[in-house]
Every structure is written in C-alpha cells, then in structure tokens.
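Here is a set of questions and answers for someone meeting this structure for the first time. Please keep the sequence and the model in view while reading.

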Amino acid sequence: MSQPFYITTPIYYVNDVPHIGHAYTTLACDVMARYKRARGHEVFFLTGTDEHGQKVEKAAQAKGETPLELADRVVKRFQALWERLNISHTDFIRTTQERHKKGVRRLFEKIQANNDIYLGAYEDWYCTPCETFWTETQLLDGKCPDCGRPTEKLKEESYFFRMSKYQQALLDHIEANPDFIQPKTRRNEILSFVREGLRDLSISRTSFSWGIPVPGDEKHVIYVWFDALTNYITALGYPEDPQGHFATFWPVDAHVIGKDILRFHTVYWPTFLLAAGIPLPKKVFAHGWWTVEGQKMSKSLMNVVEPNMLVDKYGVDAIRYFLMREVPFGLDGDFSHAALVHRINSDLANDLGNLVSRSTAMVTKYFRGELPAAEVQTEVDAAFSARFPAALRTVDAQMNEMAFNKALQAIWELISAANKYIDETAPWTLAKDPAQSARLGTVMYNLLEGTRLIALLVNPFMPDTARRIMTILCGSGEDLTFAGNDNWGGLKPGSQILKAEPLFPRIETE
Ligand code: MSP
C-alpha cells in the first residue's frame with residue numbers, strides 16, 4: 001500500500017471574494033499534493049469554505065441576502081478559481097454541509113462528556129472582524145492587538161472549554177516535536193505564548209444566530225473557530241468514518257496556513273483534540289503575507305490582486321511559478337507586476353522555454369525529429385547526466401521542508417546546466433562535420449533526456465507545462481510519476497520528437 005499523505009488549506013471566509021493571498025495558500029498545498037502523488041503517495045488534499053459566524057452574517061445583511069445565499073454565491077467564485085489555477089483537491093468542504101455540522105456537534109459533545117466544557121459567563125473586549133475576545137491588558141490603545149481595529153465590551157453567557165487544563169500537555173507536545181510548528185520563528189512565538197498561560201476559552205455565542213447550535217442549548221451557537229477547525233476531521237468522515245478516510249489520513253501531515261491564524265491552529269485546535277483524545281496534527285506550517293507593490297493589500301486602497309485577471313494576462317503556470325519562486329515559503333513577500341514580468345521573461349521564456357525550443361528544433365533539423373542514441377559519451381556528457389540524481393535528491397529534501405523556492409532553484413540549476421551543455425558541445429559545429437554525426441546524436445539524446453527529467457521535476461509546480469513538454473518528447477504527457485521514470489535513460493532512441501511551439505512568449509514591457 002502506498003503511504004497516505006493528508007494536506008489542508010484553511011477554509012476561506014465567504015464574506016470576501018478570493019484574492020492572491022487565498023490563491024497562495026491553496027497553490028502551495030496543490031504543489032505539495034502533486035509532488036507527493038508523483039512520489040507515489042495516496043494523497044488527500046482538502047480545501048473549502050468557512051461559512052458561519054458573525055462576520056458572514058453581517059456581510060450578508062449588508063448585501064440584503066441570507067448568509068446561505070451569500071455563501072452559495074461566493075463559494076462558486078472560490079471553486080471556479082481553483083479550477084482555473086489547476087488545483088487538484090480531493091474534497092471541498094463547506095461548513096454549512098450536514099456532514100460537517102454533525103461532526104462538529106459530536107466533537108462538542110465528546111469534549112463535554114469529558115467534563116472539559118462548562119457553562120459560565122464572561123465580560124471582555126471583542127473584536128468582531130477577528131471574532132476574538134481580548135482581556136483589557138491584551139488590548140493596544142483599546143484596539144485589537146491583531147488587526148488594530150476598535151473592540152467592544154461584551155457580556156455573555158457562554159460555554160467555556162477548559163483550555164487551561166491542557167497547557168502543560170500542549171507545551172510538552174510542542175517541545176517533544178520540533179517539526180510540529182514551522183517555521184522555527186513561529187514555533188518560538190507560540191511557545192512563549194503558551195508559557196504565559198492559557199485561559200479557558202469561550203466556545204459559544206448568544207449574540208447572533210448564524211452558526212451551529214450547541215447540542216441541547218440552542219440559544220447558543222458554537223464559536224466559529226471551534227466550528228471551522230473541525231472541518232479538518234469532518235471532511236474525512238469523523239466520527240462515523242464511513243469510507244475509512246479518517247482512519248487512513250488522520251493525523252494530518254500538514255495544515256498549511258497564513259501566519260495570522262497560527263494561534264488558532266497551534267493552540268486552540270490541538271487542545272480541542274487533546275480533550276477529545278484525537279491524535280494531534282503532524283505539522284502546522286505558517287507562511288508569510290503578501291503585500292502589493294510595497295503596500296498592504298486592502299479594499300480601501302483598491303490594490304487587491306485578483307488572480308483571474310493575472311491568469312488571463314500571463315497564464316496559469318506563470319502565476320503558479322512566480323508565487324512559489326519569488327518568496328521563501330514562511331516569509332513575507334511583495335507582489336509586483338515588474339517582478340512577475342521579470343520572472344516570466346528570464347526564468348520561463350529564456351531559461352526553460354529556450355531550452356525546450358532549442359533542443360527540439362535541433363533534433364528536428366539534424367535528425368528529422370528521430371531521437372538518436374547516445375553512443376559517443378565524453379566527460380562533458382557524464383558530468384551533465386550525473387547532475388540529475390543529485391538534483392532529484394536535493395529537490396526531494398527541499399520539498400519535504402516545504403522550501404518551494406529552493407526546490408525551484410535546484411531545478412533551475414539543472415536548466416542552466418542544460419543550456420550550458422548546449423553551448424559547450426556546440427551542436428551546430430558538430431553538424432557541419434559528417435564524421436561527428438554519432439557525437440551529435442549523443443548530445444541530442446542527452447539534452448532531450450535531461451529535458452524529460454526537468455519536466456518531471458517541474459510538474460508539481462507547472463503541470464500544464466510539464467505535460468506539454470512530455471507530449472513533445474514522448475507523444476504522451478500522462479505519466480509524470482517519479483517511480484520508474486526518474487532514472488537517466490528513459491527516452492527511447494528512435495522515438496519521434498515533436499517540434500515545440502514557444503512555451504512562454506516573452507512579455508514586452510514599455
Ligand atoms: N476562515 C479562516 C480560516 C479557518 S481555517 C480552519 C480564515 N479565512 S480567510 O479567508 O480570512 O483567510 C484564509 C487564508 O488566506 C489565511 O491563511 C490567510 O493567511 C491567507 N491570506 C489572506 N490574505 C493574505 C495575504 N495578503 N497574503 C498571504 N496570505 C493571506 O482566516
């Protein structure tokens with residue numbers, strides 16, 4: 001049996017339409033999911049939408065819709081965008097689905113039965129946009145310490161989760177599992193937060209009704225983060241698990257999130273799970289935030305980057321490549337059109353695009369497209385082909401660290417090496433001398449075989465491009481798995497190579 005691999009995106013709020021920030025998280029998970037599939041894993045890749053809570057209720061009111069009407073409308077925008085971006089998710093969960101609501105109730109009841117939920121009351125400062133309560137001392141100038149917006153004093157009867165009881169168990173877990181929270185800076189942040197002490201957590205609301213009612217006390221709705229986080233197990237079929245997905249895929253290999261929602265995923269969620277006796281996630285990876293042309297993305301600045309527009313203009317693989325290449329995963333980064341165009345022209349059109357068009361043009365010109373055998377190997381050739389097994393290992397290590405930009409760097413070193421190999425072997429000179437025909441054939445073979453392996457490596461990042469390259473080289477672009485395909489020598493001499501159209505036209509800049 002192949003090893004299971006479970007990866008999740010956050011579920012997106014439906015009060016906002018998708019932008020480049022949402023696309024980023026989802027894309028990173030897609031790249032990882034595709035990589036693991038190509039490595040032979042059985043992958044469950046989950047995304048979805050977070051549809052309950054006051055934020056959504058208010059957004060719907062403002063639009064004169066019911067919350068569900070709003071959700072039904074916006075969810076289509078997310079789904080259509082994922083299709084355009086070639087996102088290969090296994091499942092899409094909506095928190096308004098019955099399968100989810102049932103699972104949330106069951107988790108609540110389970111923790112309650114364990115005596116870790118009690119009815120109480122509190123009075124505290126509430127930030128509506130963040131759906132978070134703060135103590136007086138946590139406020140910054142009376143404002144929410146996370147988003148800086150005004151807070152309001154609220155008093156409510158509420159169910160509380162005994163989070164304080166799990167402080168030590170959580171600390172022990174974080175300390176014993178260095179990979180649990182990544183990157184390291186985020187881990188340290190959470191360690192000091194937990195060491196300062198955990199309060200019990202209010203996990204129900206009575207001030208609005210758009211949510212899942214508390215079992216047995218319907219004037220309360222379950223706190224939206226308790227509801228939302230549980231999607232990671234309800235999508236697998238928790239608790240009945242009719243298809244065995246929960247048994248196969250839990251604990252999750254990676255929850256990928258933005259840094260803004262770290263505490264929910266590394267403090268709240270694990271303590272809920274501890275209370276329910278469910279194993280904890282193997283890894284929570286928090287990526288950074290994108291600014292746009294140096295500024296925070298916001299509706300009021302009207303600088304929100306709309307991914308569909310980018311795909312129209314530059315093509316899906318160029319966007320996928322840029323987002324994964326430009327910024328180390330885990331750090332903040334800046335999106336600019338100039339940087340995007342630069343990447344497209346230099347990395348894609350020049351390096352990768354030229355490699356494919358030059359090599360296929362030469363084999364067409366010199367051998368009518370019929371792939372020669374590699375019969376006259378020299379040191380240059382051996383040095384070139386020897387790079388591949390090493391690069392495959394490097395890429396694997398980088399991918400397992402979610403160091404997408406470093407994996408791409410390693411792949412681009414191969415591409416540069418291939419372009420350099422052309423310059424060093426100078427096929428156009430060999431072609432002038434009929435006595436060098438076998439040598440020329442060897443160069444052609446090595447070049448195209450290298451290109452084939454590059455396509456395998458590029459595939460998780462740019463699946464359309466990889467398929468196009470494989471179709472040119474093998475007549476079929478379907479099989480891009482590593483096993484059985486990642487050794488040198490996969491191309492069969494005598495096979496027909498097609499002439500390539502340019503993969504990435506250069507973008508002209510004024
Ligand atoms: N609904 C919650 C998540 C619940 S998960 C159980 C939520 N939704 S969200 O739609 O507001 O944000 C989802 C993700 O988008 C977060 O991971 C967030 O970090 C990411 N991004 C939103 N804006 C972003 C940028 N400008 N840059 C990068 N990612 C950003 O939070």
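Q: In which sense do β4 and strand β5 pair?
A: In this predicted model, strand β5 covers residues 132-134 and is joined to β4 over three bridges. The sense in which β4 and β5 pair is antiparallel.

Q: Which residue takes a positive phi in the hairpin of β4 and β5?
A: The hairpin of β4 and β5 has four residues between the strands. A phi near 50° is found there, and the residue that takes this positive value is E131.

Q: Over how many bridges do strand β4 and strand β6 pair?
A: Strand β4 spans residues 117-127 and strand β6 spans residues 152-161, and the two pair in the antiparallel sense. Within this pairing, G120 stands opposite S158 in β6. The number of bridges over which β4 and β6 pair is ten.

Q: Does D241 count as buried or exposed?
A: D241 lies in the loop between α8 (231-234) and α9, and its phi is near 55°, a positive value in a residue other than glycine. Buried means under 20% relative accessible area. Because its relative accessibility is 15%, D241 counts as buried.

Q: What is the omega of the peptide bond from W250 to P251?
A: P251 is found in the loop between α9 (245-249) and β12 (254-258). The peptide bond that leads from W250 to P251 is cis, and its omega is near 0°.

Notes
Residues numbered from 1 in each chain as written. Predicted model: local features only at pLDDT ≥ 70, side-chain atom pairs only at ≥ 80, totals over all residues. Heavy atoms only, no water. Buried < 20%, exposed > 50% of the residue type's maximum accessible area, 1.4 Å probe, protein only. Pairing = 2+ DSSP bridges.
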